[in-house]
Amino acid sequence: MSSAPRRRAVITGLGPITCIGTGRDALWAGLLAEKSGIGNLTYFEVEPGRAHCSGEIPGFDPTRWFPPHRLKRLDRYAQFSVASAALALEDAGLEYSPADPQSRVGVSYGTALGGIANAEHENALFITQGSKAINQTLALQVFGGSAHSNIAIEFGLQGIGTTNSNSCASGPIAVGEALRYIRDGMADVVIAGAAEAPLSPLTYGAFDLIKTMSRAEPPHACRPFDLQRNGFVMGEGAAAVIVEEYEHAKARGARIYAEVLGYSLSNDAYHMTSPHPTGEPGMRTMRETLADARLNPGDIDYINAHASSTKVNDSSETRAIHAVLGAHARNVPVTGTKAYTAHPLGATGAIEIAICCLAVEHGWVPPTLHYETPDPECDLDVVPNHGREAKLRHVLSNSFGFGGINACLALGKV
């Protein structure tokens, strides 16, 4: 690994939309409250005995963000995308407008399912009432790339633009690619993040059919690392962060939450829902992230784990953390924050990066909620139920998604 100077990338704005709070301050207050946002699914009826919990965004009012003529072209997923970007830009103190296009500012966004919930709704109208009943802008709403396209249109951003669709790793891959764009000199500022709005009957039911979702009662349906965990809880939401070149941020006196120090990703090349039996690809992803960040395992002070609350994922991730950190794994707090936010699929990792930024800034490790019964296969310091003050210099955020898509980011205090 070269030790030559590189352009540095820092995070200067946070735009979370979560079931425990929308906006930086509300998210932080939600974390400190140590209370889950998971409840009974209210958007539609489900059959008895099936999964029935979710993490819904209470009171999200799109008219706060968009005039009527814009709303016609934005489904809920795209609304989350653009609103999260607006929140992050406001937090960063940056103002962009289509009247003054920016060629050095870009967008790197992600989503697992894009506008699938809206497509499902419109398909039901088409089947029962024909083509005259469907939204005339449907074709513009449902494709995944509408996330970064609409953000670019809203703010006049003519730099790099991409939306990835890498399941539950979409968010960190979006931020990791933003790091590369900054390092390579392709942009000075990148809005990076991910959004998801998957709570519709067919989509929700499809994940229940493959038996990956918890059918327990809220809010304890999601309990990462607990012996009694039995699946994840689907949610909705988004998070955008402003990834900015360090000198650019310093020159304007920006508030810096954390530096993006390293990033890697890999494929398990094994199975669509089960992690690789040896866990080697996930371990390698973490090791390559440390190398990219020029850190040693002993430098890590906190890990925000993928911790989806499924049996196989949490134990596999535990083994990976032990293998990568060695004896230091016993000293590192490792928490699963999906018990707070549920699992908004592609958006989750981006939300967890925002959580890591706040943890670094405030020196406080958020807990793993709903932890009651230790699992010998998850023998980590999971910070059960109550947060902990800690000096956080370097943190890792893992995302290990369906399809065997692994991503890891290293963040550091500046």
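**Notebook: loops, rings and a pocket**

**Entry 1: valine 383.** I began with valine 383, which has its place in the loop between β12 and β13 (388-389). I am working on a predicted model, where local features need pLDDT of at least 70, side-chain atom pairs count only at pLDDT 80 or more, and totals for chains, interfaces and linings use all residues. Residues are numbered from 1 along each chain as its sequence is written, and side-chain values use heavy atoms, with hydrogens and water left out. Helices (H or I, at least four residues) and strands (E, at least two) are DSSP runs, numbered from the N terminus. Is valine 383 buried or exposed? Valine 383 is buried, with a relative accessible area of 0%. For this I used under 20% relative accessible area for buried, over 50% for exposed and in between for partly exposed (1.4 Å probe, protein chains only). Its phi is near 50°, a positive value in a residue other than glycine.

**Entry 2: other backbone spots.** I then looked up glutamate 34, which is not a glycine but has a positive phi of about 55°. Glutamate 34 lies in the loop between α1 and β3 (39-40) and counts as partly exposed, at 24% relative accessibility. I also noted a cis peptide bond from proline 218 to proline 219, with omega near -5°. Proline 219 is found in the loop between α8 and β8.

**Entry 3: helix α8.** Which residues of α8 are buried? In this helix (residues 201-209), I found Thr203, Tyr204, Phe207 and Asp208 buried. They cover an arc of only 140° around the axis, so they are on the same side of α8; the arc is that of the directions from the helix axis to the C-beta atoms. Leu202 and Leu209 are exposed on the other side of α8. The buried residues of α8 pack against β4 (53-54) and α4 (116-129), where contact means heavy atoms within 4.5 Å. After α8 comes lysine 211, with a positive phi near 60°.

**Entry 4: aromatic rings.** How many aromatic pairs does a search of the whole structure find? My search gave 6. Rings of Phe, Tyr and Trp (its six-membered ring) pair if their centres lie within 6.5 Å; planes under 30 degrees apart count as stacked, over 60 as edge-to-face and the rest as tilted. One of the pairs is tryptophan 28 with tryptophan 364, which is edge-to-face because the planes are at 85°, with the centres 5.5 Å apart. This pair links distant parts of the chain, 336 residues apart: tryptophan 28 is in helix α1 (residues 24-33) and tryptophan 364 in strand β12 (residues 364-365). Both tryptophan 28 and tryptophan 364 are buried.

Phenylalanine 232 and phenylalanine 402 also form an edge-to-face pair, 6.5 Å centre to centre and with 75° between the planes. Phenylalanine 232 counts as buried at 3% relative accessibility, whereas phenylalanine 402 is partly exposed at 24%.

**Entry 5: the largest pocket.** On a 1 Å grid over the protein atoms alone, a pocket is an open set of points where a 1.4 Å probe fits, with protein on both sides within 12 Å along at least five of seven lines; lining residues have an atom within 4 Å of a point. Of the 36 lining residues, Thr273, Pro275, Thr310, Val312 and Asn313 are the closest to its centre. Which element gives the most to the lining of the largest pocket? I found that α11 does, with 6 residues.
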